[in-house]
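Please look over the sequence and the model shown here.

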Amino acid sequence: MTNEPSSGRLINTDLAPNKTLDSETTWDLGCNLLERLTRRGAATPTDSYLNNQNLLRLFTVLRDVLEQASDVAENRASPRHISWQMDFLRECAARYGVPVQGATHLDVGCGAVTPFSRMFGHLLAGAKRGICLELEPIRDLGESVQHLARIAATVAIDPSIVFPHHTITNLECLANVSDFDLAKLAKGDASGLNSDRLRFLQRSADDTGLADRSIDLVVSNSVLEHVPDPVGTMRELARITKPGGFAIHGVDVTDHRWYADPSISRVEFLTEESDRPIVHHCNRLRLCEFEEIFKAQDYQVLERRPGTCHPVPPDLRKRLQPKWKAMSDQDVGTTWCLYLLRKA
């Protein structure tokens, strides 16, 4: 006799919270739940069949709530994370002729967690080849390719989530990656990748190993502020970019300690005396200095979209090191800019 699921059985599930856990942080509760599910199984020895059904109901509700809560641009594991990048790419293609269809694109500093995601978005939009460059190894290859399947699934249902303001259809997107095995990717099987079109390079940005004039578009996001030799890095990126090719760089010159402790100034690291190339994980160059480096490597700045210029109070200005004390508040206090560059 086989056990058949009681699919017609109705169970009233009480999802009322346990008030004794109110003092626990969401982080602690989540970590404990994750540990139980991944190491000990969902059910404890005392769970009855009825309680297991309740657990399934609870998991279903949790899944829906967590999916909604995590579907934000700040979450690198969310397909929405690359949407603003895809929208800026669309705008650059329309206004300046940045090549997408059949082009080769490079993501510098793609990250070790979701290294393929941005270039996979470019492939969905029609690029021929995407190269993902990162100094660190991929943390979890299976998880990173599963993310690509989630992006494809999202695009199949609603392309506007990943491609806002685009006219591209879901069928066109999926046709652009028809040589990827999305079923394998969904299972975390990296053999579902087409490595001729999407590949990972574990190399430094100042020594990519790529051929001269081989890249149509170089992109980076919050990377250039971390390289110890910005001049050398831009020289290398200029070498591999085709004449008339493009670059999209988002540069964040904030003292990155501010993200963990907003009580300090966004430019506090400019008050520290140091001749080291990297201070608190950043090279401390201001945006105006990056723009001089761009120009020195024969790049024309086509678009410059700075963020807010943050105040530089008098007491902070007094503590600035001489190099930055001579700069204007605008040059010191503007800590983010998105650039579109064209190579001569």
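## Basis

This is a predicted model: local features need pLDDT of at least 70, side-chain atom pairs count only at pLDDT 80 or more, and totals for chains, interfaces and linings use all residues. Residues are numbered from 1 along each chain as its sequence is written, and side-chain values use heavy atoms, with hydrogens and water left out.

Helices (H or I, at least four residues) and strands (E, at least two) are DSSP runs, numbered from the N terminus. Two strands pair if DSSP finds at least two bridges between them.

## The sheet

An open sheet is formed by 7 strands, with mixed pairing. Their order is S3-S2-S1-S4-S5-S7-S6. Strand S3 (198–201) and strand S6 (299–306) are the edge strands, and each pairs on one side only. From one strand to the next, the twist averages 15°. Axes here are lines fitted to C-alpha atoms, for helices over the stretch in contact, and angles run from 0 to 180 degrees between N-to-C directions.

Strand S1 (residues 104–108) and strand S4 (residues 215–221) run parallel, joined by 4 bridges. Leu 106 has Val 218 in S4 as its bridge partner. S5 and S7 are antiparallel, with 7 bridges. There, Ala 247 has Leu 341 in S7 as its bridge partner. S6 and S7 also run antiparallel, joined by 7 bridges. Glu 303 has Leu 340 in S7 as its bridge partner. S7 is mostly covered, with 6 of its 8 residues buried. Buried means under 20% relative accessible area, exposed means over 50%, and partly exposed lies in between (1.4 Å probe, protein chains only).

## Helix H9

Which strands does helix H9 (residues 287–296) lie across? They are strand S5 (241–252), S6 and strand S7 (336–343). H9 runs at about 5° to S7.

The buried residues of H9 are Leu 287, Glu 289, Phe 290, Glu 291, Ile 293 and Phe 294. Their cover includes helix H8 (230–240), S5, S6, helix H11 (322–325) and S7. Contact means heavy atoms within 4.5 Å. After H9 comes Asp 298, with a positive phi near 65°.

## Helix H4

How many residues of helix H4 (residues 117–124) are buried? The count is 8 of its 8 residues, and H4 is mostly covered. Among them are Arg 118, Phe 120 and His 122. Just after H4, Gly 126 has a positive phi of about 125°.

## Cavity and pocket

Rolling a probe the size of a water molecule over the atoms shows where empty space is left. The search uses a 1 Å grid over the protein atoms alone. A cavity is a set of points where a 1.4 Å probe fits but cannot get out. A pocket is an open set with protein on both sides within 12 Å along at least five of seven lines. Lining residues have an atom within 4 Å of a point. Grid points are joined across faces, edges and corners, and a volume is the space filled by probe spheres set on the points.

The whole structure has 1 cavity of 30 Å³ or more. The largest cavity has a volume of about 30 Å³. Its lining includes Trp 84, Arg 118, Asn 221, His 249 and Leu 338. Helix H3 (83–96), S4 and S5 each give two or more residues to that lining. The lining divides into 4 nonpolar, 5 polar and 1 charged. Ala, Val, Leu, Ile, Met, Phe, Trp, Tyr, Cys and Pro count as nonpolar, Asp, Glu, Lys and Arg as charged, and the others, Gly among them, as polar.

The second largest pocket holds about 1300 Å³ of space. It is lined by 39 residues, and Arg 76, Gly 109, Asn 221, Ser 222 and Val 223 lie nearest its centre. H3, S1 and H4 each give two or more residues to this lining. The lining residues divide into 16 nonpolar, 12 polar and 11 charged.

Ser 83 lies in helix H3. Ser 83 counts as buried because its relative accessibility is 11%. Leaving aside neighbours within four places in sequence, Ser 83 is in contact with Ile 161, Val 162 and Pro 164.

Ser 178 lies in the loop between helix H6 (170–176) and helix H7 (182–186). Ser 178 is exposed, with a relative accessible area of 59%. Ser 178 and Lys 323 are 145 residues apart in sequence. In space they are 53 Å apart, C-alpha to C-alpha.
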